[in-house]
Amino acid sequence: MRRWPPKALRAIKTPVRSPRANAIAERFVGTLRRDCLDHLLFYGERHLRKVLAEYEHHFNHHRPHQGRSLRPPLHDLSEVIDMASRIHCRRTVIGLISEYRRAA
């Protein structure tokens with residue numbers, strides 16, 4: 001018999017005196033839903049977890065964020081980008097999203 005919610009899933013209360021925390025979480029969930037979840041049918045929990053893991057990697061390593069001057073959250077500032085190199089396209093999140101990068 002399965003227990004709900006699963007052990008890995010737990011509720012986190014909004015921190016005291018930080019009204020923006022809920023808005024930030026809602027904005028991420030809305031982005032996740034619009035970019036990914038609204039376009040797919042899931043065949044089970046394992047499939048959903050795989051898609052969410054791929055989207056998390058895309059969100060943290062490639063997707064530009066306005067609050068970070070259009071840099072991804074885990075962008076290394078010491079990394080030098082050769083602007084003369086070729087651009088490569090990679091499909092991610094089960095082909096929903098195209099990532100474009102300069103060749104290293």
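## Close-up views of cysteines and aromatic pairs

**View 1. The sulfur of Cys-89 is too far for a bond to the closest cysteine sulfur, that of Cys-36, which lies 17 Å away.** The model shown is predicted. A disulfide requires two cysteine sulfur atoms within 2.5 Å, and a search of the whole structure finds zero disulfides. Cys-36 accordingly takes part in no disulfide.

**View 2. Phe-28 and Phe-59 form an edge-to-face aromatic pair.** The structure holds two aromatic pairs, and in this one the ring centres are 5.0 Å apart, with 80° between the planes. Phe-28 belongs to helix α1 (residues 20-35) and Phe-59 to helix α2 (residues 45-61), so the pair ties together parts that are 31 residues apart in sequence. Phe-28 is partly exposed, with a relative accessible area of 36%, while Phe-59 counts as buried at 14% relative accessibility.

**View 3. The rings of Tyr-55 and Phe-59 form a tilted pair.** Their planes meet at 35° and their centres are 6.1 Å apart. Both residues lie in helix α2, four residues apart, which is about one turn of the helix. Tyr-55 is buried, with a relative accessible area of 1%.

**View 4. Phe-28, Tyr-55 and Phe-59 form one aromatic cluster.**

Technical notes
Residues numbered from 1 in each chain as written. Predicted model: local features only at pLDDT ≥ 70, side-chain atom pairs only at ≥ 80, totals over all residues. Heavy atoms only, no water. Phe/Tyr/Trp six-rings, centres within 6.5 Å; stacked < 30°, edge-to-face > 60°. Helix = DSSP H or I, 4+ residues; strand = E, 2+ residues; numbered from the N terminus. Buried < 20%, exposed > 50% of the residue type's maximum accessible area, 1.4 Å probe, protein only.
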